[in-house]
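Please open the structure in a viewer and keep the selection tool at hand. The stops below are to be visited in order.

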Amino acid sequence: MTFPPLRLNTKVYLTLLISALLVIAMLAFSYIRISQISGSLERLNELNRKLQSFVTLGTQIEELKRHTLNYTLVGDAASADAAETIYIEMQTQLTLPLGGEMEPFQPIIDALNRHLQSYHGDFRGMLRERPIQTRLRDTLRSDAASVEEEIERLRTRERNAKTDSAYLRILTLLLRTEKGAFRYFETLDRSHAESARQAIAETFKILEALQSGKAGGHKVDVAALKKQLEAYRQTTTRVLQHFRAYLMLDVVMAGEAHEMLHYARKLREAATERSDRVTRSLHDLTRLLRTTMLLGAVTLMAVMLLSSWLIIRIFVTPLREMTRTFDALTEGSEDVQISDYVLDDDIGRLTRAARSFEEKNVQTRHLLEKTEALAQHLEERVDEEVRKQREQEQVLIQQSKLAAMGEMISAIAHQWRQPLNAIALYLQDLVSAERGGELTREYLKESVSMTMEQINHMSRTIDDFRHFFKPTSEDEAFDIEDAVEESLQLFSAQLKNNEIAVNLDTVPEADTTITGNSNHLRQVILNLLSNAIDAIKERKERQPGKYLGQISLQIEAMPDRFRITVEDNGAGIEPGAVEHVFEPYFTTKEQGKGSGIGLYMSRTILQNYFGATLNLIPLEEGVRAEVLMPRSHTRKGKRNDDAS
Amino acid sequence: MQEGRRAFLKQSAAAVSAFAFPAILHARNKYPTIRVLGTHVTLQEPLRERAQKELGINIEFYPGGSAEVLMKAITNPANFDLYEQWSNSTRLLWSSGAIQPIDVQRLAYWKEINALPKTGHITPEARPGAGDVPNKILYIQSDGSLGPTPTDRISFMPYVHNVDSFGYNSAIIPRGIPYETESWGWLLDEKHHGRVALVNEPTIGLFDAALAVRAAGLLTFKDIGNLTRTEIDALFEILIDYKRKGHFRGVWNSVPHSVELMARGEVSIESMFSPAVASLNGMGVPCIYAAPKEGYRAWYGVMSLSSAAEGERKDAAYAYMNWWLSGWPGAFIARQGYYISNPERSRPLMEPEEWDYWYEGKPAEHALRGTDGRVSVQPGEVRAGGSYIRRFSNIAVWNTVMPNFEYALDHWNRFVRTQPSGVRL
């Protein structure tokens with residue numbers, strides 16, 4: 001399977017999107033199918049509802065027929081009401097809008113409705129005619145009664161046996177007429193109607209006989225009776241014919257009813273057939289839905305499996321592979337199995353990164369090897385350098401010591417110059433006194449005493465120097481003030497010779513004791529004083545006569561440290577030189593006057609032995625050297641104190 | 001509901017006593033008005049309009065079914081001035097006193113009326129047919145009865161008439177040969193099972209059925225125009241048996257109904273009236289009006305005068321009767337396939353081709369139009385049964401009210417009500 005070079009998240013989204021689309025498609029398909037089935041069910045329900053109403057149509061028509069016939073034959077008003085009610089129900093039912101599945105039935109329903117209307121029209125005719133028929137029958141009876149009354153009147157007026165017999169015969173015939181008519185209504189046997197007609201005809205004959213006197217006796221005026229009998233005859237005929245037509249109307253209605261039943265049957269058959277079809281299609285749809293759901297479920301599972309497979313294949317497996325690879329690479333492996341994933345996507349980039357990682361691992365190993373080698377070499381170099389540094393430091397210390405010694409020798413020289421001159425003068429004076437004879441014992445004694453005093457002075461000076469650099473390497477508590485004063489004492493001759501005023505500002509009430517090697521501090525103070533003296537001397541050389549050299553020493557005790565400042569008003573220091581003054585072998589002094597290691601060593605000593613700092617601050621006139629010394633300090637390490 | 005019906009009955013009774021017809025709503029003018037009670041065959045609006053225009057009288061038509069109009073006429077003669085229907089209703093009307101004699105002297109074209117209604121024969125050689133031949137009920141005899149002896153008083157004015165048979169759809173039933181193979185027996189042919197209909201009129205349909213049964217060789221009748229009770233029993237035993245077996249689709253009550261049945265394919269053969277054939281052909285249904293070898297069932301249209309008509313109304317009624325025989329109405333109804341009793345009066349008002357087709361039975365020279373203006377006869381078409389003479393020379397029976405009418409009516413009623421076996425309601 002090949003994919004275009006897409007980002008990993010794009011692939012994930014794409015896979016999920018496709019899966020989601022497939023699921024949505026399946027759900028949509030199922031939804032449509034379910035909607036179809038639901039619609040079909042609704043249609044079927046509607047169809048069944050209408051079908052039920054159509055099924056009952058046949059029964060309704062039969063009921064309608066029964067009530068109509070009952071009214072037709074018996075004249076039962078309740079039956080007429082019932083028929084009218086059924087008609088209205090049927091008409092309402094048949095004029096309801098159909099729609100949908102029932103549309104094809106419209107022609108049948110229309111035909112049924114047409115025949116129902118015809119039937120109903122005929123029935124209304126029946127409703128009109130039935131009272132007429134009743135009225136005609138009533139008229140028949142009343143006409144017969146009129147005839148009877150007239151006969152009775154005639155009998156009362158002229159009675160004799162023969163006319164009475166004729167009248168009786170007429171009454172009998174009238175009875176036969178009425179009986180014939182009503183039997184006809186009941187049996188539809190035309191012989192009864194014929195019998196009625198014949199009876200009337202016979203009655204007319206008797207009347208003729210009575211009128212002509214042939215009946216016996218005298219002539220009777222039967223004009224009125226004939227007129228009444230004629231009316232009776234016409235009524236009889238009319239009621240019989242009306243009844244015939246009435247029956248024919250019934251036949252017409254029977255025909256309409258037959259048609260209604262036919263269409264009701266067709267409607268029911270068609271509706272049943274349609275219902276069966278809808279039911280079948282519903283079953284088909286249900287089956288289809290089941291199949292669809294099954295297929296959908298299988299498809300869904302397949303899709304999910306495919307998606308999972310794809311996700312595993314595309315993302316999880318490569319990522320797991322990558323994780324394993326990177327774990328191995330992180331462990332520093334150089335021969336891990338990296339997959340041959342070639343696509344230019346995130347995993348492809350990860351794969352390339354893994355390969356690169358592997359290469360880097362190889363390179364790293366090589367570098368580490370090199371680094372180890374270098375480290376080994378560097379350590380050696382460092383040791384070498386440290387050794388060299390120490391050696392250099394030793395040299396420097398040595399040099400500084402030599403310089404200090406030079407300073408001391410110079411100081412001794414300055415200290416001794418005066419006593420030596422005095423001794424020389426005392427010796428020359430002795431010579432002169434001997435020559436002048438003035439040399440007496442006393443004189444000699446005095447001179448020797450004076451000389452010895454000078455020698456003792458010199459001897460004390462030596463003690464001072466020797467004491468100044470006493471051979472001790474042990475740390476001990478000493479007073480800073482003492483160390484400063486002793487250093488100052490060492491330079492007293494030079495200060496005096498160079499007319500340099502010294503201000504020593506101490507803090508007598510404060511404890512200025514500190515623990516350490518006092519020689520080291522003395523060496524520093526010595527250097528600082530030596531530099532100050534040299535600076536003053538240099539300035540004096542540039543400004544002879546007008547200038548008074550001055551050195552101020554100040555010891556300050558602060559809560560956590562001491563500050564020792566040595567300030568001179570000498571030649572000062574060039575601004576550009578300040579940053580170099582602590583470099584070894586840097587000097588601003590004339591050639592042969594400075595070694596260039598004094599300040600370097602002073603700072604080194606202060607840092608290493610006292611944790612102190614030394615700063616040189618150029619002033620408008622001269623320089624201020626400032627030492628900040630913590631009250632307590634742990635030495636970096638006890639070094640071999642070569643000061644001894 | 002009951003009150004509604006009672007109100008209706010009350011209203012109806014009132015209407016019967018006054019008019020027995022729905023109230024006429026349109027305005028009347030000063031001219032005399034006649035009320036004509038009849039069927040749709042002759043109560044056609046173009047005729048009414050034309051007659052009103054030419055006669056200057058008001059004419060109101062009250063069309064209805066044959067039984068309905070007969071009943072109305074019998075019930076109260078004051079409800080109408082003229083009655084138009086078939087000759088088989090004449091006895092009923094006359095005996096009930098609903099109509100009065102017509103004075104032939106007042107009929108302008110009486111002498112032009114041909115021999116058929118006067119003698120019962122269109123030609124001396126023609127067989128008269130069974131049943132109520134019109135001449136038997138035309139003349140009012142001296143004793144007040146109706147009979148064939150010519151008198152100056154007649155029960156009806158003979159005017160429109162025709163012969164009927166059955167129609168069949170030639171797309172389904174192969175075309176037969178008139179007077180040779182076409183037979184009433186086809187109505188009972190098993191091949192047409194379930195697709196047969198009869199006209200629901202006992203005085204008409206009964207004879208169609210009787211002719212069919214006889215033609216099928218199932219029964220013979222002593223006099224088909226006057227069936228005995230035994231014959232009626234036997235006839236309806238067969239008919240009801242056929243109906244139970246589902247042979248008959250049903251009966252029809254009106255010409256449109258008969259058209260609808262065949263047009264919708266529900267029947268392929270049925271009793272038929274002439275306008276239905278024209279209508280079906282116009283709809284593209286190849287309906288053939290058969291000329292049965294056994295002869296036609298004939299009918300005569302009668303126009304009778306109400307016994308209550310008198311004075312101005314009576315004069316107007318005579319005027320209307322005379323107008324009917326004046327030519328134009330005869331030409332008009334000829335185009336619908338009907339004949340007039342004095343055809344020569346109408347002949348000049350018809351195209352020769354029309355005359356040749358409708359009366360002479362010749363092929364149509366060109367397309368002929370009906371009264372509705374549409375072509376009803378295609379060129380070359382020949383009228384089924386041939387000429388007027390030939391058709392009326394082959395009459396099997398006339399529409400008749402038999403002495404056993406009520407007995408037959410009862411049987412007919414049962415026949416109509418019979419449902420096919422096994423049919424659920």
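Is B:Arg106 buried, partly exposed or exposed? Select B:Arg106: the residue is partly exposed, because its relative accessible area is 35%, where buried means under 20% relative accessible area, exposed over 50% and partly exposed in between, with a 1.4 Å probe and protein chains only.

Before the tour continues, some conventions are required. This is a predicted model, in which local features need pLDDT of at least 70, side-chain atom pairs count only at pLDDT 80 or more, and totals for chains, interfaces and linings use all residues. Residues are numbered from 1 along each chain as its sequence is written, chains are lettered from A and ligands numbered from 1 in the order in which they are written, and side-chain values use heavy atoms, with hydrogens and water left out.

**Stop 1**

Helices (H or I, at least four residues) and strands (E, at least two) are DSSP runs, numbered from the N terminus. B:Asp315 has a relative accessible area of 41% and is therefore partly exposed.

**Stop 2: a buried phenylalanine**

Select B:Phe248, which belongs to strand β11 (residues 248–252) of chain B. Its relative accessible area is 3%, so B:Phe248 is buried.

**Stop 3: a loop serine**

Move to B:Ser387, in the loop between β16 (375–377) and α15 (388–392) of chain B. B:Ser387 counts as buried because its relative accessibility is 16%. Apart from neighbours within four places in sequence, B:Ser387 is in contact with B:Tyr359, B:Glu360 and B:Gly361.

**Stop 4: chain A as a whole**

Chain A averages a pLDDT of 80, and 91% of its residues score at least 70. Over residues 636–644 of chain A, pLDDT stays under 50. A cartoon view of chain A shows 12 helices and seven strands. Of the 644 residues in chain A, 42% are buried.

**Stop 5: two salt bridges in chain A**

Select A:Asp164 and A:Arg155, whose side chains form a salt bridge at 3.2 Å, N to O. Both A:Asp164 and A:Arg155 are buried.

Next, select A:Arg539 and A:Glu621; in this salt bridge the closest N and O atoms are 3.2 Å apart. A:Arg539 lies in helix α11 (residues 518–542) of chain A and A:Glu621 in the loop between β6 (613–618) and β7 (623–630) of chain A, so the pair ties together parts that are 82 residues apart in sequence. A:Arg539 is buried, with a relative accessible area of 12%, whereas A:Glu621 is partly exposed at 46%.

**Stop 6: where the chains meet**

Finally, display chain A and chain B together. Their contact takes 53 residues from chain A and 54 residues from chain B. Between them the two chains bury about 4700 Å², 58% of it on carbon and sulfur atoms; buried area is the accessible area (1.4 Å probe) that two parts lose on being put together, summed over both. Select A:Met248, A:Val251 and A:His258, which supply 14% of the area that chain A buries against chain B, more than any other three residues.

How many salt bridges does the rule find across this interface? There are three. One of the pairs to select is B:Arg249 with A:Glu259, with the closest N and O atoms 2.8 Å apart.

Key. Contact means heavy atoms within 4.5 Å. A salt bridge is a side-chain nitrogen of Lys or Arg within 4 Å of a carboxyl oxygen of Asp or Glu. pLDDT is the predictor's confidence in each residue, from 0 to 100.
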